[in-house]
Amino acid sequence: NPGSTILQEILASGHEIANHGTTDTTPAILQPAQFARHFQEAHDRITDLIQQPIRWYRPGRGLYNRAMVDHIRLTPGYESLVALASMIPFDTLRPLSTPNLNTWYLARFIFPGAIFVMHGGSMERCVQTAQALPTLLNLIDRQGFRVVTLSDLYDSLATDGPAPDPSGPDPSGPEPSDSPTAETPAAPPPPHPHPPLEPPNRPPA
């Protein structure tokens with residue numbers, strides 16, 4: 001909206017802004033030229049407003065293909081990986097999604113390096129996310145973790161983590177194919193030095 005300062009306020013609060021395209025669509029089914037417009041228009045609008053580079057692209061529905069990744073790799077400033085989640089978000093599905101159920105579900109995926117996706121896009125979803133976050137953030141804090149931006153997480157792994165085994169699997173996930181590739185739930189979390197606090201065993205009513 002003209003005159004809005006929301007993006008500057010987001011950055012000033014320590015968050016990171018990335019590219020999700022011009023609309024919340026399924027870019028993996030677009031033709032390459034259509035995806036390029038979807039990607040570039042959002043990039044131009046955002047960078048014009050925030051006056052800083054963007055590192056990440058989050059594909060709609062968590063679906064991506066080889067042409068999309070190839071385009072992103074050729075765009076200066078962007079990482080060559082798409083931003084995916086450690087879980088399959090369902091907070092856009094009505095009437096399944098509720099704040100309590102979203103919190104219960106996301107709490108199953110609290111582990112080092114977990115990446116959560118929570119949605120806005122409508123007033124109803126924004127309210128649900130805002131209501132779910134305090135309990136979720138408290139659970140994360142009680143288990144000894146802290147919330148960081150995707151770039152902070154990625155940079156910490158690149159500088160502090162062990163060198164990847166060249167004979168082992170690619171830690172970035174499966175190489176994209178010409179057909180859409182989907183994000184999948186994370187593998188079981190790695191061992192934790194202290195038993196984490198368990199979320200409720202049953203979803204809330």
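How many cavities of 30 Å³ or more does the structure hold? In this predicted model, the structure contains 1 such cavity. The largest cavity has a volume of about 40 Å³, and its lining is formed by Met-87, Pro-89, Phe-90, Asp-91, Asn-102, Tyr-105, Leu-106 and Val-117. By residue class, this lining comprises 6 nonpolar, 1 polar and 1 charged residue.

A total of 5 salt bridges is found in the structure. In one of these, the side chains of Arg-61 and Asp-24 meet at 3.1 Å, N to O. Arg-61 is located in the loop between helix H2 (32-50) and strand S1 (63-64), and Asp-24 in the loop between helix H1 (6-12) and H2, so the pair ties together parts that are 37 residues apart in sequence. Arg-61 is partly exposed at 47% relative accessibility, as is Asp-24 at 37%.

Within helix H2, Glu-41 and Arg-45 are 4 residues apart and thus separated by about one helical turn; the closest N and O atoms of their salt bridge are 2.5 Å apart. Glu-41 counts as partly exposed, with a relative accessibility of 37%, whereas Arg-45 counts as exposed at 52%. In helix H3 (residues 66-73), Arg-73 and Asp-70 lie 3 residues apart, about one turn of the helix, and their side chains form a salt bridge of 3.9 Å, N to O. Both are partly exposed, Arg-73 at 39% and Asp-70 at 35% relative accessibility.

Cys-126 is placed in helix H5 (residues 123-142) and is partly exposed, at 37% relative accessibility. Leaving aside residues up to four places away in sequence, Cys-126 touches His-119, Gly-120 and Gly-121.

Key
Residues are numbered from 1 along each chain as its sequence is written. This is a predicted model: local features need pLDDT of at least 70, side-chain atom pairs count only at pLDDT 80 or more; totals for chains, interfaces and linings use all residues. Side-chain values use heavy atoms; hydrogens and water are left out. Helices (H or I, at least four residues) and strands (E, at least two) are DSSP runs, numbered from the N terminus. Buried means under 20% relative accessible area, exposed over 50%, partly exposed in between (1.4 Å probe, protein chains only). Contact means heavy atoms within 4.5 Å. On a 1 Å grid over the protein atoms alone, a cavity is a set of points where a 1.4 Å probe fits but cannot get out, and a pocket is an open set with protein on both sides within 12 Å along at least five of seven lines; lining residues have an atom within 4 Å of a point. Grid points are joined across faces, edges and corners, and a volume is the space filled by probe spheres set on the points. Ala, Val, Leu, Ile, Met, Phe, Trp, Tyr, Cys and Pro count as nonpolar, Asp, Glu, Lys and Arg as charged, and the others, Gly among them, as polar. A salt bridge is a side-chain nitrogen of Lys or Arg within 4 Å of a carboxyl oxygen of Asp or Glu.
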